[in-house]
Amino acid sequence: FVGLDFYTYLTREIIVTPMEKRAALLKGQVALSLILYVVFIPAALFFVVKYSDWPYYLMWWFFPILVVEHFNQEMGRLLVALSEQVTASAILFVRQGSWSLLVVFVMFFEPGSRTLSFAMAAWFISGIFAALLGFFKLKKIGVRGWGNKLDWKWIKNGIAVSAAFLFATLALRGMQTFDRYMLESIGGVEIVGVYVLFIGVAGSLLAFLDSGIFSFTYPALISLSQNCRWADARKKVKQMLWLTIAFSIFFTIFSLVVMPYLLGWIGKSIYAESIDLYYWILLATITNAIGLIPHYALYAAGKDGAIILSHTFGFIVFFEA
């Protein structure tokens, strides 16, 4: 809610905007985000305090982490749009990979550090480092136009576009949230743990595809579509498709070879007994990855309605099933 999926509007706009005017667009996004924070942070605080059983020390971590995660996520999307994919990937690793590796290492040698507070602190500190990395990179690129006035009409147009995307995003996130509750009601908490592990392993396929293929391809696809170079755009989509299929095959073989060793290292029989679930999750993940390709093509061409309808229809089918 604090982002309003405004990046879906900003990304297409900033790619075709001259360098000297890009900062004005970013100012518009910042201004909108500040307004949304003022509106939604108190509501979130009320919800967390009244309806959750979180200990208070976790609530204190929730909001700082929310801010740095939001900033870094938007910065990563912006850098990808500006064809700075390597820096965007570095920021992603700092904010999501580095701190977890460090936490595992420290907790292994120091049992006293095995607390949620330590994990949250490491998450927040890594987010600060990632934010600084993105800020200095943006400054080095030389994005100009910070002195330009805010274009509230442009912001309003963006809200109209992004709000529709937000509805589609909530439908997609709904499927990726309520599936846990559905499994818990069917098989209990233990099977949810199995599911989370398997979906984490399979989900790394999407992370690799996003950082290695999609992030390098869709900015060019947007530029080609904006300039009505449809033949070149179709070639780019076919390239995305074949690369996705090839990497999915490689990932499938690799994960099926490694999975028995991973489950043996974990040492809990329920994971090995439920390995059939991983095959279905992997198949669903590959289907999702291939399904993203026409979504990128539609997004680049400005055909937002089809994307929103597909997410909404998927959510309805999920609940009906």
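Buried means under 20% relative accessible area, exposed over 50%, and partly exposed in between, with a 1.4 Å probe and protein chains only. With those cut-offs in hand, select Trp123: at 27% relative accessibility, Trp123 counts as partly exposed.

Before going on, a word about the model. This is a predicted model, in which local features need pLDDT of at least 70 and side-chain atom pairs count only at pLDDT 80 or more, while totals for chains, interfaces and linings use all residues. Residues are numbered from 1 along each chain as its sequence is written, and side-chain values use heavy atoms, with hydrogens and water left out.

**Stop 1**

Rings of Phe, Tyr and Trp (its six-membered ring) pair if their centres lie within 6.5 Å; planes under 30 degrees apart count as stacked, over 60 as edge-to-face and the rest as tilted. Trp99 and Trp123 make a stacked pair, 5.5 Å centre to centre with 5° between the planes. Trp99 lies in helix α4 (residues 85-109) and Trp123 in helix α5 (residues 116-141), so the pair ties together parts that are 24 residues apart in sequence. Helices here are DSSP runs (H or I, at least four residues), numbered from the N terminus. Trp99 is buried, at a relative accessible area of 16%.

**Stop 2: along α5**

Which residues of α5 are buried? They are Ala119, Met120, Ala121, Ala122, Ser126, Gly127, Ala130, Ala131, Gly134 and Leu138. Just after α5, Gly142 takes a positive phi of about 90°.

**Stop 3: helix α2**

Go to Arg22, in helix α2 (residues 19-51). Is Arg22 buried or exposed? At 14% relative accessibility, Arg22 counts as buried. Leaving aside residues up to four places away in sequence, Arg22 touches Ile14, Ile15, Thr17, Leu82, Val143 and Arg144, where contact means heavy atoms within 4.5 Å.

Further along α2, pick Phe47 and Tyr51. The structure holds 19 aromatic pairs. In this one the ring centres of Phe47 and Tyr51 are 5.7 Å apart and the planes are at 35°, so the pair is tilted. Phe47 and Tyr51 are 4 residues apart in α2, about one helical turn. Phe47 is exposed at 52%, and Tyr51 is exposed at 55%. A charge sits over a ring if NZ of Lys or CZ of Arg is within 6 Å of the ring centre and within 35 degrees of the ring normal. Arg77 likewise lies over the face of Tyr7, at 3.5 Å from the ring centre.

**Stop 4**

Most residues other than glycine have a negative phi, and most peptide bonds are trans. Select Asp5, in the segment before α1: it has a positive phi of about 55° although it is not a glycine. Asp5 is buried, with a relative accessible area of 10%. Then jump to Ser83, in the loop between α3 (56-81) and α4. Ser83 has a positive phi of about 65° and is not a glycine either, but Ser83 is partly exposed, at 48%.

**Stop 5: helix α10 and its partner**

Finish with α10 (residues 275-300) and α11 (residues 304-320), whose axes come within 7 Å and cross at roughly 145°. Axes are lines fitted to C-alpha atoms, for helices over the stretch in contact, and angles run from 0 to 180 degrees between N-to-C directions. His295, Leu298 and Tyr299 of α10 meet Asp304, Ala306, Ile307, Ser310 and His311 of α11. α10 has 26 residues and spans 38 Å from first to last C-alpha, close to the 38 Å expected. Its buried residues include Tyr278, Ile281, Leu282 and Tyr299. Among the elements covering the buried residues of α10 are α1 (7-15), α7 (189-226) and α8 (230-266). Just after α10, look for Gly302, with a positive phi of about 80°.

Methods:
Helix = DSSP H or I, 4+ residues; strand = E, 2+ residues; numbered from the N terminus. Expected span 1.5 Å × (residues − 1).
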